[in-house]
Amino acid sequence: MKKDKKQSLKLNRRELLVGSASLGAMAAASNSVFAKQVSSKNLPPNVPEWTGELGDGVDVNPYGMPSQFEENVIRRNVEWLTASSQSSVNFTPIQDLEGIVTPNGLCFERHHGGVSIINPKDYRLMINGLVDREMIFTLEDLKRFPQTNKFYFLECAANGGMEWKGSQLNGCQYTFGMVHNVQYTGVKLSDLIQETGLKPKAKWVLAEGSDSSGMTRSIPIEKLLDDCMIAWAMNGEALRSEQGYPARLVVPGWEGNMWVKWLRRLEFGDMPYMTREETSKYTDLLPEGNARMFTWVMDAKSVVTSPSPEKPILNKGVHQLRGLAWSGRGKISRVDVSLDGGKNWKTAKLHDPVLSKSVARFTFPFEWNGEELLIQSRAIDETNYVQPTIQELQKIRGVNSIYHNNSIATWLVNSDGKVDNVRLG
Amino acid sequence: MFDLVKHSILFSFFIFLSSFVNADDRKFNLGKIATKTEIAGWNIDVRPDGMGAPKGSGDAIKGEEVYAEQCAACHGDFGEGVDRWPELVGGEGSLDTHDPVKTTGSYWPYASTMYDYIYRAMPFGVAQSLTHDETYQIVAYLLYMNEIIEEDFVLSEKNIGKIKMPNQKGFLLPDPRPDIANTDGKPCMENCKVPTKIIGKARDIDVTPEEEKS
């Protein structure tokens, strides 16, 4: 299967090359290249062309978009991974982002039955099962409960799942991009549940989406009442449709699949529901043929976003290595960086704010003089968990568990400054 | 007659009062009480013990027809999977090999999950369109194809919670993580003994999507 795809990708490339031999394609290609070239007539001492004319007035873009020069900062997918785009995934361009906030339009998408489009007036949340009162809430009802605002990362348990056996995808976006970090606004379940009451026997909740996949996951009630929330806003505006508009579940620190989007129902029960997503999927197959179940928490992880395969080093001299670290068990307490494949480590600078179950930003200054580097980062969280090597994980879990690969990755900086995703052994 | 009306007015007032009293121990008095009918329409999950299984029944003989019509285009006549659509049958004995094949037969621990999932999410793109009988028939067909039941076995709400799946014992609980050596927060900082030989490069595998513009 993979081989087929490889061939077809190669074919695409060949088609592209042939295509670009035609004059039209050549002009189009050079046009977009041209836009990125330096134009000396805009440089000092000349007066830049944009100074001598008026720009657009207000309201040309009632909802503002990124600069046209940032057109490459987009989500991307790997087509051969899945059979249909409605049951598929794309990746956050983390290599192009700064700070800890993922802009809403760049948060990776994972759908199992496409994006549902829901008129908020038609939104209902049903709560049934082992509660004192089985109830239905409108979106307006939810917004009248006490409100909470929190930054949390959301990572798909399969982030890095392609890399268990070896380095496969040559990109920071493709190997680490199933993560995003936004500020959620919503109601805590511990508040909402005061309306319905809970029967003492209630130990589990089934969260159910209203999308075409009817996404369902079981969550233990301790977690639900600890820090879960139903969010209707992200980064200050309504949820994006592809993130579950008008309301989704937020399950801080736990695998993204549980954060049910387009949430329509919570059913309380006395045992887990064993849905397809927690049996057939999101179970971690071990070499002996049995599998771990209910592996919810996302262990500490970090990634160097620049330099990275998409961010080669362009000049000799000083550079700022940049990266992200996060842990489902709490706060990141430290990130170390190695430039020699893990032999020697230095501690990176962590930037404010460092929040629990949120990504943290780190930087590390270094000098490059054309030598080969093997760049790695290693996160440590407040529970003293140290991000492992892939060998450590493979020794215990083999190579077929797909999920929860939080191992240290290696970027090789070649002498020409190009960067490769490599596996050390 | 007058008395009766008065009575019923009083009675409904009493009901009104009691719902009011009920509402009183709600902290915010938001939302509304769900009716049984409303709940019945959305409460479609089926648990391993059979709780939630709707009334209905079907066997593999009937299931074969429905499956051929509604499912085979993607999942193949025998559940083998067409192109990259998921395979649903086979794979037994493969879980501990290099190429594990996880299907309803080789991997799924509960038949209830098959019912629950197929009813809620399949056929892909026409979710929640099957009847309950059709769903039992299809699940029976898949169980039969996986050699778990006989072709004339009648699957129903009474026995869906009792089917023994081959891999039911194949799952480990609870989560043993952290399962790695270093949880003391003090990793090696200098001259660490680690492998630093490059043994593989993603570039050589060449499956990374290419930028059309660059």
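Predicted model: local features only at pLDDT ≥ 70, side-chain atom pairs only at ≥ 80, totals over all residues.
Local features were taken into account only at pLDDT of at least 70 and side-chain atom pairs only at pLDDT 80 or more, whereas totals for chains, interfaces and linings use all residues. Side-chain values rest on heavy atoms, with hydrogens and water left out, residues are numbered from 1 along each chain as its sequence is written, and chains are lettered from A in the order in which they are written.

Apart from its neighbours within four places in sequence, A:Ile230 is in contact with residues including A:Leu125, A:Leu142, A:Leu192 and A:Leu266, where contact denotes heavy atoms within 4.5 Å.

In chain B, seven helices and five strands were assigned, as DSSP runs numbered from the N terminus (helices: H or I, at least four residues; strands: E, at least two). Of the 214 residues of this chain, 41% count as buried; buried means under 20% relative accessible area, exposed over 50%, and partly exposed in between, with a 1.4 Å probe and protein chains only.

Helix 5 (residues 111–121) of chain B is largely enclosed by the rest of the structure, because 11 of its 11 residues are buried. These buried residues pack against strand 8 (204–209) and strand 9 (216–220) of chain A together with helix 6 of chain B. Helix 5 and helix 6 (residues 132–145) of chain B pack at an angle of about 130°, with their axes 10 Å apart; the axes are lines fitted to C-alpha atoms, for helices over the stretch in contact, and angles run from 0 to 180 degrees between N-to-C directions. The two helices of chain B, helix 5 and helix 6, are therefore oblique to each other, given that angles under 35 degrees count as roughly parallel, over 145 as roughly antiparallel, 65 to 115 as roughly perpendicular and the rest as oblique. Among the residues that meet in this pair are B:Met114, B:Tyr115 and B:Ile118 of helix 5 and B:Ile138, B:Val139 and B:Leu142 of helix 6. The axes of helix 3 (residues 60–70) and helix 6 of chain B come within 7 Å and cross at roughly 100°, which makes helix 3 of chain B roughly perpendicular to helix 6 of chain B.

A:Thr283, in the loop between strand 13 (263–269) and strand 14 (284–285) of chain A, counts as buried at 0% relative accessibility. Its contacts beyond four places in sequence include A:Ser401 and A:Tyr403 as well as B:Lys102, B:Tyr107 and B:Phe171.

Two cis peptide bonds were also noted: that from A:Pro44 to A:Pro45 has omega near 10°, and that from A:Asp352 to A:Pro353 has omega near -10°. A positive phi near 50° was found for A:Trp262, which counts as buried at 2% relative accessibility. Phi of B:Asp83 is likewise near 50°, but B:Asp83 is exposed, with a relative accessible area of 73%.
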